[in-house]
Amino acid sequence: AVVSTQSTGESSVYVNIKQCDYLVDLDLGVESPLEPRYNTKSGWTSVKSYPFLNAAKSKTIARAFYIPSYSKKHVKFGTYHLLKRTRLIKQQEEERERLIKLQKYQEAKRIKQQHENDEL
């Protein structure tokens, strides 16, 4: 295991985005070439999202203590998104449809056999 004591990313643990079916994306409202906002890109669908306190844009006292009127104005949030690749969703829908057709076919076959047995 690679451990970074500098609070920086370790390039050896990253994979190519093309290999990913799921992705956790932190959206702080700012995009850069190294940190795209994947939740706004085509090809990805948000499965779940949660607010995340944006410490860089929030006042220290408002982060440390909840003060009703003050905190609402001075605490800023980003959003964590669990994203699923769109093609994966399409594949799962196609598989579900295929299974439904198979179940209907098997049920029709069972009913036909039962009907034929009843006639004998």
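**Stop 1: Opposites that pair up**

Five salt bridges turn up here, where a salt bridge is a side-chain nitrogen of Lys or Arg within 4 Å of a carboxyl oxygen of Asp or Glu. Side chains of opposite charge can pair when their charged atoms come close. Before you click on, keep in mind that this is a predicted model: local features need pLDDT of at least 70, side-chain atom pairs count only at pLDDT 80 or more, and totals for chains, interfaces and linings use all residues. Residues are numbered from 1 along each chain as its sequence is written, and side-chain values use heavy atoms, with hydrogens and water left out.

Select E31 and K41. Their side chains meet in a salt bridge, at 2.6 Å from N to O. The pair links distant parts of the chain: E31 and K41 are 10 residues apart, and each sits in the loop between β1 and β2. (Buried means under 20% relative accessible area, exposed over 50%, and partly exposed in between, with a 1.4 Å probe and protein chains only.)

**Stop 2: Along helix α3**

Now show residues 86-119, which make up helix α3. Helices (H or I, at least four residues) and strands (E, at least two) are DSSP runs, numbered from the N terminus.

Pick R98 and E95: here is a salt bridge of 2.9 Å, N to O. Why are these two about one helical turn apart? Because R98 and E95 are three residues apart in the helix. R98 is partly exposed at 44%, and E95 is partly exposed at 36%.

Next, pick R110 and E107, whose side chains meet at 2.5 Å, N to O, in a salt bridge. R110 and E107 are also three residues apart in helix α3, so about one helical turn separates them.

**Stop 3: A nonpolar patch**

Finally, select Y22, V24, L28, V47, Y50, F52, Y80 and L82. Together they form a nonpolar patch on the surface, with about 720 Å² of accessible area. Patch members have over 30% relative accessible area and no salt bridge; like charges are joined within 9 Å, nonpolar side chains (Val, Leu, Ile, Met, Phe, Trp, Tyr) within 5 Å. Accessible areas come from the Shrake-Rupley method with a 1.4 Å probe, and for residues only the protein chains shown count as cover.

Color β1 (22-27), β2 (44-53) and β3 (77-85): these elements give two or more residues each to the patch. Which one gives the largest share? That's β2, with three residues. Zoom in on V47, found in strand β2: V47 is partly exposed, at 45%.
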